[in-house]
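Me: I have a model open and would like to learn how to read its features one at a time. Could you walk me through it?

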Amino acid sequence: MFQSRDHRSVGFITEAKDPYEIYDLNSKILPEKYPIEYITELMINFPNLQLVYVTYTQSEYKTVGYILGYVDTDNNVCLSALGILKEFRSQGIGRKLINQFLENVRDHVKVRNIDSQSVYLHVKIDNTNAIKLYKSIGFKIIELIPNYYSDNSDAYLMKYRLT
Ligand SMILES: CC(C)(COP(=O)(O)OP(=O)(O)OC[C@H]1O[C@@H](n2cnc3c(N)ncnc32)[C@H](O)[C@@H]1OP(=O)(O)O)[C@@H](O)C(=O)NCCC(=O)NCCS
C-alpha cells in the first residue's frame, strides 16, 4: 500500500483487487467500456500496474479513481485507462495515480528484466485537461491518429520515455 496525503485529498493508492469495482468506475467515467474479462486479465498478468485511489472520509472508504496498464508484445508499456469520479477531480488524484504507476512500471521492468523504452497512451484530441496533465508529467504528443475511437473521433498517441 502506498500512503498518500496532501492538503487537497486524503487517501491512498493500492493495487486493484476487484475487477467489478473497476468495471463500475470505468462505466461511470469513460465512454469506452472495458469488458470485465479484459480487466480481470490485466489484474492477473500485471497486478502492480492496476491501481486505485481510495479516499477515507466520515469513516468510509470509497474508491474514486483508477489507472490500468500492461506491457505489450513489443515490451512497451501501455497506460490503458485513467479515470477519476467527477466530484473528486482537480484534487491531484490523477497526477498521483500516474506518478505511482510510472514508479511501479520502473520496478516491474527492472525485476522482470524487460527492455522497455517508453510508456504510451491514446487520448482524445479535445481532452485538454488530460493532455495538460500528461504533458506536465513528461508525455509528448507523437502523432495524431484519425478515427481512432469508436465514435470516429481522433486520438493523439503520447509517449513518456523511461530511459
Ligand atoms: C483527466 C483526469 C484523469 C485528471 O484527473 P484529476 O485528478 O482531475 O487531475 P489532477 O487534479 O491530478 O490535475 C493534474 C493536472 O491536470 C490538469 N487539469 C486537471 N483538471 C483540470 C481542469 N479542470 N482544468 C485545467 N487543467 C486541469 C492540470 O494540469 C493539473 O495540474 P495542476 O493541478 O498543477 O494545475 C480526470 O479529469 C478524468 O477522470 N477525466 C475523465 C476521464 C478521462 O478523460 N481520462 C483520460 C482518458 S485518456
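Reply: Happy to! Let us start with burial: a residue is buried if 20 or more other C-beta atoms lie within 10 Å of its own, exposed if 12 or fewer, and partly exposed in between, with C-beta atoms placed from the backbone. This is a predicted model, in which local features need pLDDT of at least 70 and side-chain atom pairs count only at pLDDT 80 or more, while totals for chains, interfaces and linings use all residues. Residues are numbered from 1 along each chain as its sequence is written.

Me: Is S59 buried or exposed, then?

Reply: S59 is exposed, because 5 other C-beta atoms lie within 10 Å. S59 sits in the loop between β3 and β4; helices (H or I, at least four residues) and strands (E, at least two) are DSSP runs, numbered from the N terminus.

Me: What should I look for in the backbone there?

Reply: Most residues other than glycine have a negative phi. S59, which is not a glycine, has a positive phi of about 60 degrees. N147 is a further non-glycine residue with a positive phi, near 55 degrees, and it lies in the loop between β7 and β8. N147 counts as exposed because it has 10 C-beta neighbours inside 10 Å. Just after α3, N113 takes a positive phi of about 55 degrees.

Me: Which residues of the largest nonpolar core touch the most other members?

Reply: A nonpolar core is a set of buried Ala, Val, Leu, Ile, Met, Phe, Trp, Tyr and Cys residues joined through C-beta atoms within 7 Å. Here the largest core has 31 residues, and L51, Y66, I67, L97 and F101 touch the most other members. Elements giving two or more residues to this core include α1 (19–29), α2 (36–45) and α3 (93–111). Contact between two residues likewise means C-beta atoms, placed from the backbone, within 7 Å. Leaving out residues up to four places away in sequence, F101 touches L49, L51, I67, G69 and L79.

Me: Which residues are closest to the ligand?

Reply: A residue is near a molecule if its C-beta atom, placed from the backbone, lies within 6 Å of it. Of the 19 residues that surround the ligand, the closest are R89, G94, R95, A130 and L133. Helix α4 gives the most to this shell, with five residues. A130 is in helix α4, and it is partly exposed because 18 other C-beta atoms lie within 10 Å.
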